[in-house]
Amino acid sequence: PPSVDLSNNEASSGNGFVGTSRISTNDKYGISSCDAGSTFMERDVKNKRDFMDLDVCTREKLAHVRDCKTGSSGIPVKLVTNLFNLDFPQDWQLYQYHVTYLPDLASRRLRIALLYGHSKLSDKAKAFDGVMLFLSQKLEEKVTELSSETRRGETVKMTITLKRELPSSSPMCIQVFNIIFRKILKKLSMYQIGRNFYNPSEPMEIPQHKLSLWPGFAISVSYFESKLLFSADVSYKVLRNETVLEFMTALCHRTGLSCFTQTCEKQLIGLVVLTRYNNRTYRIDDIDWSVRPTHTFQKRDGTEITYVDYYKQQYDITISDLNQPMLVSLLRRKRDDNSEAQLAHLIPELCFLTGLTEQAASDFQLMKAVAEKTRLSPSGRQQRLAGLVDNLQRNTNARFELETWGLHFGSQISLTGRVVPSEKILMQDHICQPASAADWSKDIRTCKILSAQSLNTWLILCSDRTEYVANSFLNCLRRVGDSMGFTVDYPKIIKLQENPAAFVRAVQRHVGPDAQLTAYYDSIKKYLSLDYPVPSQCVLARTLNKQGMMMSIATKIAMQMTCKLGGELWAVEIPLKSLMVVGIDVCKDALSKDVMVVGCVASVNPGITRWFSRCILQRTTTDVADCLKVFMTGALNKWYKYNHDLPARIIVYRAGVGDGQLRTLIEYEVPQLLSSVAESSSNASSRLSVIVVRKRCMPRFFTEMNRTVQNPPLGTVVDSEATRHEWYDFYLISQVAGRGTVSPTYYNVIYDDNGLKPDHMQRLTFKLCHLYYNWPGLISVPAPCQYAHKLTFLVAQSIHKEPSLELANFLFYL
Amino acid sequence: MEATACTKTEALAPCSSVVDGNFEEVPRETVIQFKPPLYRQRYQFVKNLVEQHEPKKVADLGCGDTSLLRLLKVNPCIELLVGVDINEDKLRWRGDTLAPFLGDFLKPRDLNLTITLYHGSVVERDSRLLGFDLITCIELIEHLDSGDLARFPEVVFGYLSPSMIVISTPNSEFNPLFPSVTFRDSDHKFEWTRMEFQTWALYVANRYDYSVEFTGVGEPPAGAENVGYCTQIGIFRKNGGKAMESCVSEQYDQHVYKAVFTTSYPSLQQERFFKLVLVNEVSQQVESLRVSHLPRQKKQDGEWGDKPKDSKAPCPCFGPVFTEVEKAKIENSPKPFCVGDKFFVPLQRLLAYPKLNRLCANEEMMRSVIADSIPLSSDGSAVVSDLRDYFDEQF
């Protein structure tokens, strides 16, 4: 998960509590919620609550962790966090009032103006959305009558009625805290875009890619294990240094006219633009090529005006290009009234692009430049945090706001985590203790892998130009295969023209029923996954041409090929004797955005070295739950086939869970999983645990060493203070961040029949992070999750259909 | 205000609801309805005056919810905009809306602009309001009691002594046309006839060496022309223009107002933003020249500006349009050229484009600003880029 808000392609996917140093390809780069300038409370209170899954309390149903959910094994380690205390008086309360107006006023702005303008409330800390008023001090009377005058001299009576007194821990109160902090960050000259705050006066430039990065923060106030904490993480907003009009003009030059409109729509629709004349952002939903700035529209008062005149009058902006089309944005209403959705027409010349187009995001050089600019070491990050806190405490306006609410910004939280023991890697005839769990490729170089099918009948497809490289690669492959225990026979080599069509034709012609594997190129993936299921391996000639890298590349490819043939590379010790682990990931199809791609991967042997993988395409969330049942039934059958029994325990790691989806998971998916388990056996059925895995989470942890902060050691577990009291949750650091800051992975056990001790659950999870065969080292999530992710990614990006079931026993998607 | 489309298909021009905050007025059953509302007419009047006279420093006394300031801040000539009011809470609450927009950081103004809101009374002297080009007192004086009203000219005309002062106040002769008989606002201490206002104004103008002219907004309805404008306005100009400016420095600092809010706008006068804009415009121009230099992928597209084959979409021909003079200037400048797979655009060529010419006076200046952001040829006379880039392969 990146620290960068690169694009805004999805409104729903909760954004930017993001931030490592790496730009990863999943999750569409950070995503800030793009609903245009949603700054208002009523809606926020409602949404935010769902968004944080505040009303889901799963721990109380889990008897074995009700009293204690913390583990005890491992070496304690002192950690600094990006969380801060918020201090307020013991008896602090929030008073919620309801305000009515007589005569009733429809305009929320007028309602707010009248209330704020009244002297009775002028020196009080208040938050008001036009209906609900929150005060930190109680008014004398339960019902207060005030009157104010409008500009036209009309007297309006306001009745303020006390509705509730809220303790600081109530969810509503937490929302108000978030609103207060949003207000405060604005006072620090930060601007809210989506959910985060950015400082546009200190932009970082990437001129060669025409990008600006605005540094900023993702902030939130939430109730953690025992108290309310303020959390902040560094975030960046990517902006393109060009208006939409400039973008369109350049694009038109490139594409030529014939396919311009189509390409333009493809590039722009879904992107979020920032308008020049206010602070709002809009999602481009369409482009209206028939409307020009010289056309008229109807203002609210019924008069007709041209866009040109409107912008001149309203904002003193002269539109220079009178031929540009209009961008169309569907306005999301602030309230849930049933009024029809409204369309806004936006002038491309006055809109700036935020985020990146899909094409830009696929530009490796560009992404590298962004990553380099945004990468922050732990100490760099800590410095930024300190800067923010300093600002919060020094800025008089910010302090004034805090003080009127009776709040005090407190100290940075330190806590104690534990480093769980490192794992041994089990090879065929050797147990190795890697020097670093981050990468044990060197440690296992001379060891034989657990098992491998030999590669007998196979094809290499290559072009004339690459024949020489292909041959030397083949030699290498045979050599490394030999030392690994993977027998590679000579293939049939087919030379052909260098274009995708030729490759596909050749594949169709030559791949017979006895062929095991083919090598080279792309777009044949689809054919070989759907129509004619045969494992395939593609290699770019460029990769093979890298000087002196052939051996290590061949080693990697040999491992991948082994897996694709159903081989097993290594294992870790699993103390549970009959355990099936399952990984589930969900993402949207790249072509048809309303299709959900659900990838499920289950282990089918007690050693957790062999997998059953399926990918299913669905349209709705309830369908997702249904297809999980289909998958589980299949996986249990497979297990039964191989082990002649059902697994005693099943642990499901569910990734791809959006903000606010926990309830859906608990209400639909868990019951479906349970029923598939129950139906598969007439007597005692397997015990099930379901764990939600999140790579993006707010907390960060650092160790302090020699007065500077560093990333915590691999295997660090945090299960106190930064966790939530209502949940059985923990953080685990199982990835290496290089020069950046590591982000912990967050695990929330939402269902647990297995009753494992927290210690064991944590260690098992850590063990599973060692088993991803595409990388000889630890990864950030349990292997089944990563397999499921890889599978959904392949299907969502390239195949767009369910792969053939014949491949389900192989890791064909690696 | 927010323009709202009545039906689904009708266009809705977006205008900010948050920042644009003139409160909608409550409709009431009066005989007289001004359109646009009277307060907007008053603001528009000031705005027109600003456009006409291009003052650099403008202060609005009794700025209230800062609506007028918000209207004025878009004017490119203003470099200092100040609001003063005695209601601190209101200033605090509305102040944020005067901060620059995000877009102002991407397309900065030409000139610096600072906006400051002070909490204080207009009858107190604060030296930070000295030397202004325009001070407006819109619907202010009628809120002053007799003591304050007596002190007002001494402070505003005598002490602050700006080049121009605009004072508006209700015209009580208009009041009989309203249903209610009393003052228009319960806080008004008086409402003057035209004669009363003009007598006062002429006296003040005479005393402090200003000339004054009278006008107003809010035309009376047909048949009642004799009552005059609903709002009467006096425009005071200091005789001898800016002669007072030299005295400003001699005044010792006197800070009685409390600064409640202050904000500075990014502008091309600031090095960082100037560089940002220039580097941007240069890369944009180079990019556009580069792309037009590439051989067209599909020959049948014909020349730039031809009708597209797809008749569904009308011709999307847009982009900058040059005058004949500008075209000639561009034509006569050194042409971009290729060496191998590198593309060169002479800085002289770039300077021929109006947008860049406006930003940058000469080649030397352009070179020094862009040198560390954009690759230049070895002699520094041209911008260099790869003839083909990542995106070219995408189409």
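**A serine and a strand**

Mentor: Ser734(A) has 1% relative accessibility, so it counts as buried (buried means under 20% relative accessible area, exposed over 50%, partly exposed in between, with a 1.4 Å probe and protein chains only). Before we go on: this is a predicted model, in which local features need pLDDT of at least 70 and side-chain atom pairs count only at pLDDT 80 or more, while totals for chains, interfaces and linings use all residues. Residues are numbered from 1 along each chain as its sequence is written, chains are lettered from A and ligands numbered from 1 in the order in which they are written, and side-chain values use heavy atoms, leaving out hydrogens and water.

Trainee: Ser734(A) is in the loop between which strands?
Mentor: Strands here are DSSP runs of E with at least two residues, and helices are runs of H or I with at least four, numbered from the N terminus. The loop that holds Ser734(A) lies between strand S36 (728-733) and strand S37 (745-752) of chain A.

Trainee: Which backbone oxygen lies 2.8 Å from a polar atom of the side chain of Ser734(A)?
Mentor: Think of polar contacts: pairs of N or O atoms within 3.5 Å, where within protein one must be able to donate a hydrogen and the other to accept it, and residues adjacent in sequence count only if both atoms are side-chain atoms. The side chain of Ser734(A) reaches the backbone oxygen of Ser780(A) at 3.2 Å. The oxygen at 2.8 Å belongs to Ile779(A).

Trainee: Now strand S11 (residues 211-223) of chain A: how many of its residues are buried?
Mentor: This strand is largely enclosed by the rest of the structure. Of its 13 residues, the buried ones number 12.

Trainee: How many bridges join S11(A) to strand S12 (residues 228-243) of chain A?
Mentor: Two strands pair if DSSP finds at least two bridges between them. S11(A) and S12(A) run antiparallel, and a hairpin of four residues joins them. Ile219(A) stands opposite Ala232(A) in S12(A). The number of bridges is 13.

Trainee: And which residue in S11(A) is the bridge partner of Met204(A)?
Mentor: Strand S10 (residues 204-206) of chain A pairs with S11(A) in the antiparallel sense over three bridges. In their hairpin, with four residues between the strands, Lys210(A) takes a positive phi near 55°. The partner of Met204(A) is Leu213(A).
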